[in-house]
Structures are given as C-alpha cells and as structure tokens.
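Please look through the sequence and the model shown here before reading on. The report that follows begins with one residue and then widens to the whole chain.

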Amino acid sequence: MGAGGRMTEKEREKQEQLARATGGAAMQRSPVEKPPFTVGQIKKAIPPHCFERSVLKSFSYVVLDLAIAAALLYFALGIIPALPSPLHYAAWPLYWIAQGCVCTGVWVIAHECGHHAFSDYSLLDDIVGLVLHSSLMVPYFSWKYSHRRHHSNTGSLERDEVFVPKKKEAMPWYTPYVYNNPVGRLVHIVVQLTLGWPLYLATNASGRPYPRFACHYDPYGPIYNDRERAQIFISDAGVMAVSFGLYKLAATFGFWWLVRVYGVPLLIVNAWLVLITYLQHTHPALPHYDSSEWDWLRGALATMDRDYGILNRVFHNITDTHVAHHLFSTMPHYHAMEATKAIKPILGEYYQIDPTPVAKATWREARECIYVEPENRNGIFWYNNKF
C-alpha cells in the first residue's frame with residue numbers, strides 16, 4: 001500500500017486479471033496515505049482533446065438513445081399486441097428491460113449536462129438536462145446541486161451526499177437480523193432498488209444528515225442556498241409538467257397501459273441508477289474519512305470502477321470510468337475510456353476496479369459493507385459486518 005504511481009501498467013493488469021479469476025476477492029484495500037501525485041499531474045497525463053466538448057457529438061448520443069427508445073416503443077405498441085399469447089407475455093419483459101437500460105443511458109447524458117460536460121454552453125446543458133431528466137421524473141436542478149456537493153465531498157462521513165455509511169454505534173438494533181440472514185438481505189436489496197431513488201428524492205434517505213427535514217422538491221429545504229432556490233422551482237415545474245402529460249395519457253389509454261409502456265421501464269431506470277451509484281461507492285476496499293483526515297483528492301479516489309459488460313456502452317461508460325469522472329467531472333463521457341487508460345499508470349494502487357459480476361457484487365457488498373469503523377488510524381474508516 002502507498003506505492004502510488006510506482007506500480008507499472010503490466011503489474012496493474014496482472015492484479016486486475018487475478019481479481020477477475022477470483023471474483024474480485026483478491027483486491028487489496030486502497031491506499032489511504034496522501035497520494036504521491038497531484039491533480040495537475042494526473043491531468044497532464046490525459047491527452048488534451050479528452051477535455052474538449054462537442055455539441056454535435058454530444059447530441060449524436062442523445063439522438064441515438066432517443067431513436068432506440070422510440071423503436072422500442074413502436075415494438076411495444078405496434079408489434080407486441082399482434083403477437084400470439086405466449087409470445088405476447090414474454091415480449092413485454094424484454095421491452096421493459098431493454099427500454100429501462102436505454103433510458104438509463106438517457107439519464108446518464110442528463111447527468112452529464114448537470115456537470116457541464118455536454119457542451120461549452122451552460123444554458124444549453126441545463127435546457128437539455130432539464131428536458132431529459134424531467135421526462136424521467138427527476139428534478140434536474142435539485143439533483144444537479146446535491147450531486148455537485150457529492151462530488152465536492154466524496155468519501156467524507158460528514159459532508160458526502162449519497163450512500164453515506166453509518167458508524168456501528170449509529171446502526172439500529174435490528175440491523176444484524178436484517179443483514180446477517182439471506183432473506184433479510186434480499187428484502188433490503190429489493191427495497192433499495194425499488195424505493196431507494198424516490199425515497200432519496202423525497203426524504204434524503206441514505207444521504208447526509210441535515211439539521212431539519214431535507215427534500216429535493218423543497219426549494220426552501222436545507223440542501224439548497226438562496227441562489228439556487230429559483231431553479232428548484234423550475235425543477236419542480238418540469239416534473240409537474242411531465243406528470244400532467246402522463247395523467248392525460250392515462251386518462252386516454254388507461255392506467256395499466258401507462259404502467260406497461262412507461263411505468264415499468266422507469267422502475268428499471270431507477271433501479272439501475274441506485275445500483276450503479278451504490279456499487280461505485282460501496283466496496284470493502286474503499287475507505288471513508290472524517291474531517292480530521294479527509295481531503296478532496298483522496299475522497300475522489302475512494303471510488304470503484306465496475307464492469308457491466310455490454311451495458312458499459314449502453315450506460316455511456318459511467319460504470320467503468322467512474323474514477324476518472326470523479327477526478328474530472330466536466331469531461332465528456334466519450335473521452336472517459338481514453339482518459340482512464342491514461343491515468344492508470346499515474347494512479348497505480350490508488351486506482352480501483354472490480355470486475356466481479358454485478359449480481360454477485362451486489363450480494364457481497366450488502367453482506368460485508370454494513371457499517372464503518374476505524375482500525376489502525378482514527379479518522380479513516382473501513383466497512384465491516386461483525387456484530
């Protein structure tokens with residue numbers, strides 16, 4: 001530990017191959033010493049064109065995603081009803097899964113707008129992000145500002161915004177009975193994937209504690225400052241406009257029609273974004289820091305790249321380039337793979353990737369990453385599951 005950039009790329013590839021062969025079990029903990037490199041040195045290793053944002057290229061991804069989503073919608077409305085009964089019932093789940101994955105890619109592009117990584121024009125980024133996120137029932141500006149604070153405070157036990165782990169003494173009494181048996185753990189995962197996103201938006205569930213009730217829809221809530229409140233109203237208006245449109249569709253075609261066509265894919269989108277975020281920031285190899293130890297660079301490096309197979313491309317590589325994203329969040333997603341390859345030799349042991357299959361990783365993290373506690377050094381916390 002602490003070797004930083006001294007590990008060669010070949011050595012790093014061997015470690016990743018070993019992790020693949022053992023399902024990720026061989027992965028070492030991330031170093032917690034102050035890195036022997038700076039953000040400036042990392043940036044110099046990345047080709048300059050990786051930081052260039054192209055309106056045409058960014059819009060090409062929007063158009064492609066929306067074209068695929070439209071084709072899937074045509075499949076649902078024009079082809080599935082004409083299929084014979086057995087195929088009819090099998091085709092709907094295929095539509096739900098495919099549409100949910102494609103719309104997750106749309107969600108990621110809107111997320112990129114919130115980081116000003118879509119174009120060189122902030123207003124254009126916000127217009128595109130507002131339209132895309134509102135269509136997926138996300139309050140764009142509300143999430144943009146809380147997510148920005150997550151990037152500013154990643155890995156901090158006091159100030160991070162999402163999936164902030166609790167210390168052992170803060171866990172409720174029933175925790176061992178939920179997490180230490182397979183049934184309770186499965187229920188926890190299902191609830192997290194189905195209700196986690198709406199609960200986070202509505203009640204700040206899994207987020208940092210605030211002195212009073214925090215809600216992403218409340219312009220006067222403690223999450224936002226006075227300069228941001230007007231835009232929170234705009235976010236709410238966007239979600240309300242889409243909600244009214246959905247109400248009119250339900251009134252015209254029926255509630256269950258809307259559930260089949262829009263509701264179930266949206267549930268899949270919500271499940272993916274919760275799972276992606278959870279796995280990026282929850283892993284036995286990742287530290288968390290209190291205010292006595294935390295600094296921005298070590299916090300940004302307390303992030304895990306994951307391999308989702310073919311879905312990496314569907315999700316615009318937010319899954320397997322998340323370390324680079326936390327270091328340079330205004331970089332467009334279509335340069336992130338090249339940037340990740342460039343920074344690996346600099347980061348060395350500070351770069352973390354786990355190729356464990358997603359389902360296996362989710363079950364493992366839910367079992368092993370229950371609370372955090374310090375070990376050899378106060379101020380640096382690691383996940384544990386012992387009660």
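His316 is buried, its relative accessible area being 5%, where buried means under 20% relative accessible area, exposed means over 50%, and partly exposed lies in between (1.4 Å probe, protein chains only). His316 sits in the loop between α12 (311-314) and α13 (322-327), and its phi is near 55°, a positive value in a residue other than glycine. Met137 is also not a glycine and has a positive phi of about 65°; Met137 belongs to the loop between α5 and α6.

The structure is a predicted model, in which local features need pLDDT of at least 70 and side-chain atom pairs count only at pLDDT 80 or more, while totals for chains, interfaces and linings use all residues. Residues are numbered from 1 along each chain as its sequence is written, and side-chain values use heavy atoms, with hydrogens and water left out.

**The whole chain**

The protein contains 15 helices and five strands, both read as DSSP runs numbered from the N terminus (helices are H or I with at least four residues, strands are E with at least two). For 387 residues, a compact globule would have a radius of gyration near 21 Å, and the protein agrees with this because its own value is 21 Å; the radius is taken over C-alpha atoms, and the globule rule is 2.2 Å times the number of residues to the power 0.38. Along the principal axes, the C-alpha atoms fill a box of roughly 65 × 50 × 50 Å.

Buried residues make up 53% of the 387 residues. The accessible surface comes to about 17900 Å², and 66% of it belongs to carbon and sulfur atoms; such areas come from the Shrake-Rupley method with a 1.4 Å probe, and for residues only the protein chains shown count as cover. Of the contacts with a separation of 6 or more, 72% are between residues 24 or more positions apart, a contact meaning heavy atoms within 4.5 Å.

**Charges and salt bridges**

The mean positions of the 35 positive and 32 negative charges are 2 Å apart. In this count Lys and Arg are positive and Asp and Glu negative, whereas His and the chain ends are not counted, and the place of a charge is NZ of Lys, CZ of Arg, CG of Asp or CD of Glu. A search of the whole structure finds 13 salt bridges, each being a side-chain nitrogen of Lys or Arg within 4 Å of a carboxyl oxygen of Asp or Glu. Three of these pairs are set out here.

| Acidic residue | Basic residue | Closest N to O distance |
| Asp354 | Arg306 | 3.6 Å |

Asp126 is buried at 13% relative accessible area, and Lys144 counts as buried at 9%.

For the salt bridge of Asp354 with Arg306, the partners are in strand β3 (residues 353-354) and strand β2 (residues 305-306) respectively, 48 residues apart, and both are buried. Elsewhere, Lys34, Glu293, Asp295 and Arg298 are linked in a network of salt bridges.

Which residues does Leu327 contact, leaving aside its neighbours within four places in sequence? Leu327, which lies in helix α13 and is buried with a relative accessible area of 6%, is in contact with Ile42, Trp296, Leu297, Ala300, Leu301, Ile343 and Leu347. Leu327 and Gly221 are 106 residues apart in sequence and 29 Å apart in space, C-alpha to C-alpha.

Cys113 lies in helix α4 (residues 85-114) and counts as buried at 1% relative accessibility. Not counting residues up to four places away in sequence, Cys113 touches Phe118, Asp125, Val128, Gly129 and Tyr140; Tyr140 is 27 residues from Cys113 in sequence, and their C-alpha atoms are 9.5 Å apart in space.
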